Amino acid sequence: MQKNEVYEIEITGMTEEGDGVGRVNKMAVFVPYTIVGETVRVLIVKVLKHYAFGKLLEVLKPSIHRVKAECPYFYQCGGCQLWHMDRDAELSYKRQKVEDCLLRIGKIDVKPDPTEDAGIMERYRNKAQYPVTPEGIGFYRRNSHQVIPMTDCKLQGEHDAVVLELIRNWMREENIESYAEENHTGTLRHIYLREGKEELLLVLVTRTEEPLSVDGLLKQIKGKKISVVGIVQNVNDRKTNVVLGKKNLLLWGRDYLIDSIGDVKFKISPQSFYQVNRFETEELYRLAGEFAGLTGKETLWDIYCGIGTIGQFLAKKAGKVIGVEIVPEAVKNAKENAVLNQILNSEYYCGKAEVLVPKLVEEGEKADVVILDPPRKGCEERLLDAVTSVHPKRIVYISCKPSTLARDLQYLAKKGYETKKVIPVNMFPRTAHVETVVLLQRQNT
Ligand code: SAH
């Protein structure tokens, strides 16, 4: 096979990244924007030793699940992968992906439940970080740092587009330069918006420390009846892909957002993690609670606890909650949130879970039920060793990456924890990402 050749292929599978896969003479060809069962004409754009990449030229035989992509940026923007298929196809793709990973990587033969889904495919996100570049404000093209300028992203809340427009005007009026990555010049690097049910926090990430003058901008935003509660300037002077720097300057209002999940309230600082889907998170936590099976007496460990959300959502049903988290601002929020929600049975520790949890075990702490909710790279073995060494009855593993989940479930199986139930959750509609909640039970030994 050679670059620039054109082939007709049938799509027979999908990758973890959401691309269709077909074959030419046994060699796998990855083709974005296709669906299993389709016959497509593709231009070969890159050939490697064992596989190749194709560009979709024409759908010769469309799937019944193919729909018109309702986002004008879909075929350029790197944010979403699945606008070309209907909801059914998206949900079954996600279930299948979890099943495949568990079996292939983890040798775990458990059929996941159908993907749990709130059915809201648009405007579900409560957080966005828009790069600001000389080419415009928007999101990156796939696998690149080239920005696709956009006026509205359909995953974001309605207010984002309004605020972005006002910021564009304000930048022009105040002569604020966009950040140019190549030569590390300019001022404004990112616009970071976080929106709760009732309020919005605006964070402006700059390269330089000089405080921005935002009076004009603030007046405009308020004029649009958007309930902004604070404007924070975050300073990031490093040459890095990491969005946020360490230093925050409060320009106006307060430097945190308040949101609620069920009847629990949360204070959220810019640096703290918070689940991004405003419609699905409560269900995720409810499932985690169901799996935790608390009766009121148990000691619950909430490992990778962020601002304390899951543990506090479940605290009333637990004897005691211990939370562990690496980001100091998040731990501070978790402690404040415990006070805010009058939760007296929780304790929080700041540090690496893989270092702190073994220490807690050494000090004699025990757990009946453990929640693990790690970032994409999953858990380190020394953490899983420490967790299993206190023999909790159940472990609830919440994962945003099926491949590392599968690896960790296999390790936990060796430690005597059986995967009992697996539920994929559609936290990131229209993208290839999937959240999964898993119940593991200690085998009788
Ligand atoms: N359970 C929380 C947060 C989950 S996201 C919620 O539902 O909101 C994962 C969290 O793990 C993030 O807050 C991140 O800061 C934290 N984290 C990442 N690496 C860590 C580590 N090695 N030890 C402890 N926490 C870590």
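The C-alpha centres of domain 1 and domain 2 lie 36 Å apart, in a chain that is divided into domain 1 (6-66), domain 2 (94-119 + 277-442) and domain 3 (127-261), with bounds that come from an automatic or database domain assignment. The model is predicted, so that local features need pLDDT of at least 70 and side-chain atom pairs count only at pLDDT 80 or more, whereas totals for chains, interfaces and linings use all residues. Residues are numbered from 1 along each chain as its sequence is written, and side-chain values use heavy atoms, with hydrogens and water left out.

An open sheet of 7 strands has the order 17-16-15-18-19-21-20 and mixed pairing; strands (E, at least two residues) and helices (H or I, at least four residues) are DSSP runs numbered from the N terminus, and two strands pair if DSSP finds at least two bridges between them. Strand 17 (346-350) and strand 20 (417-425) stand at the edges, and because each has a single partner strand, one side of each is left without a neighbour in the sheet. Strand 19 (residues 394-399) pairs with strand 21 (residues 435-442) in the antiparallel sense over 6 bridges, and Ile395 stands opposite Leu440 in strand 21.

Strand 15 (residues 299-303) is largely enclosed by the rest of the structure, because 5 of its 5 residues are buried, that is, under 20% relative accessible area, with exposed set at over 50% and partly exposed in between (1.4 Å probe, protein chains only). Thr299, Trp301 and Ile303 point one way from strand 15, while Leu300 and Asp302 point the other way. Strand 15 pairs in the parallel sense with strand 16 (residues 320-325) over 5 bridges, where the bridge partner of Trp301 is Ile322. The chain crosses from strand 15 through helix 5 (residues 309-314) to strand 16 in a right-handed β-α-β crossover, in which, with the strands pointing away from the viewer, the path from the first strand over the helix to the second runs clockwise. Strand 15 is also joined by 4 bridges to strand 18 (residues 369-372), and these two strands run parallel, with Asp302 opposite Ile371 in strand 18.

Gly308 lies in the loop between strand 15 and helix 5 and counts as buried at 0% relative accessibility. Gly308 and Leu360 are 52 residues apart in sequence and 18 Å apart in space, C-alpha to C-alpha.
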